[in-house]
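Open the model in your viewer and keep the selection panel at hand. We will go stop by stop.

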Amino acid sequence: MALSLNVSLCSTSKFHHHSRSTPSFSTTSTASFSQFLRLNPKQSHQVSQKLTFSLGESVSSATLVALLSASFFLVDPALAFKGGGPYGQEVTRGQDLTGKDFSGKTLIKQDFKTSILRQANFKGAKLLGASFFDADLTGADLSDADLRSADFSLANVTKANLSNANLEGALATGNTSFKGSNITGADFTDVPLRDDQREYLCKVADGVNPTTGNATRDTLLCN
C-alpha cells in the first residue's frame with residue numbers, strides 16, 4: 001500500500017471527484033498522507049485501484065522493454081554463422097568434406113575456404129562465385145561444373161577432374177596448382193595464371209567446352 005500511494009500521488013494523471021467532500025489530486029500539488037486518510041472507504045478503494053493499475057501498467061511496460069532488449073542479444077545457436085552461402089545451408093568452411101557428394105547442386109557463392117575436399121564430387125554443380133580459397137581439392141570431380149568467377153587462390157587442385165568445366169573469370173592467384181588434373185574441354189577464359197602454370201596446362205590442354213564453344217588451348221592463350 002505504501003508503494004502504491006507513493007507512486008500514484010505523484011502520478012502524471014489527475015484524479016478529480018465532483019463531490020464537495022472529495023479533495024482533488026494533481027501533479028501540481030502533492031497530496032498529504034493525512035488527506036488520503038480522510039477519504040471515506042469507498043473513495044480510498046477507488047484511489048487505491050487507480051494507483052495499483054498505474055503501477056501495474058508501469059511494471060508491465062518495463063518488463064516488455066526488458067524482454068525486447070534481451071531478444072537482440074540472445075541469439076539462437078541454430079541461427080549463428082553457418083560458413084555456407086546464400087544457396088547452401090550446410091557448414092562448408094574449414095571442414096573436412098572428403099568424398100562428399102555435391103554433384104548437381106546449386107551452390108552459388110558457397111564458402112569452402114580452407115576446407116579439405118579430397119575426392120569430393122562437384123560434377124555438374126553450379127558454383128558461380130564460390131570460394132575455394134586455400135582449399136584442398138586433390139582428386140575432386142569438377143567436371144561439367146559452372147565455376148565462373150570462383151576463387152581458387154592458394155588452392156590445391158592437383159589430380160582433379162576439370163573436364164568440360166567453365167572457369168571463366170575464376171581466380172587462381174598465389175600457389176594454386178592444377179598439376180595432374182584433367183582439363184579436357186575446360187574453359188579458362190580470363191583466368192589469371194602464373195606463367196609456369198599456364199605453360200604446364202598448355203602441354204596437356206585439349207578439347208572444346210560444350211557450353212561456351214571455346215577451345216581449351218585458346219582460352220589458355222597457348223602458342
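Select F102: is this residue buried or exposed? F102 is buried, because its relative accessible area is 0%, where anything under 20% counts as buried. Bear in mind that this is a predicted model.

**Stop 1: F102 and its partner**

F102 and F112 make one of them, with 5.4 Å from centre to centre and 80 degrees between the planes. That geometry is edge-to-face. Both F102 and F112 sit in the loop between α3 (41-73) and α4 (195-204), so their pair ties together parts that are 10 residues apart in sequence.

Now show K100. Its place is over the face of F102, 5.7 Å from the ring centre.

**Stop 2: F122 and F132**

Select F122, which is buried with a relative accessible area of 0%. Then take F132, buried as well, with a relative accessible area of 0%. Which geometry does this pair have? The ring centres of F122 and F132 are 5.7 Å apart and the planes meet at 85 degrees, so the pair is edge-to-face. F122 and F132 both lie in the loop between α3 and α4, so this pair, too, ties together parts that are 10 residues apart in sequence.

**Stop 3: the ring cluster**

Colour F102, F112, F122, F132, F152, F178 and F188 together. Ring pairs link these residues into a cluster.

**Stop 4: the core**

Next, bring up the largest nonpolar core, which has 38 residues. Which members touch the most other members? They are L117, F122, L127, F132, L147, F152 and F188.

Zoom in on L127. Setting aside neighbours within four places in sequence, L127 contacts L107, F112, F122, F132, L142, A145, D146, L147, R148 and A150. Among these contacts are F122 and F132 from Stop 2, and F112 from Stop 1.

**Stop 5: S115**

Finish on S115, in the loop between α3 and α4. Is S115 buried or exposed? S115 counts as buried, because its relative accessibility is 1%. What does S115 touch, not counting residues up to four places away in sequence? Show T92, R93, G94, Q95 and L97, then A135 and D136: S115 touches each of them.

How values were computed: Residues are numbered from 1 along each chain as its sequence is written. This is a predicted model: local features need pLDDT of at least 70, side-chain atom pairs count only at pLDDT 80 or more; totals for chains, interfaces and linings use all residues. Side-chain values use heavy atoms; hydrogens and water are left out. A nonpolar core is a set of buried Ala, Val, Leu, Ile, Met, Phe, Trp, Tyr and Cys residues joined through side-chain atoms within 4.5 Å. Buried means under 20% relative accessible area, exposed over 50%, partly exposed in between (1.4 Å probe, protein chains only). Contact means heavy atoms within 4.5 Å. Rings of Phe, Tyr and Trp (its six-membered ring) pair if their centres lie within 6.5 Å; planes under 30 degrees apart count as stacked, over 60 as edge-to-face and the rest as tilted. Helices (H or I, at least four residues) and strands (E, at least two) are DSSP runs, numbered from the N terminus. A charge sits over a ring if NZ of Lys or CZ of Arg is within 6 Å of the ring centre and within 35 degrees of the ring normal.
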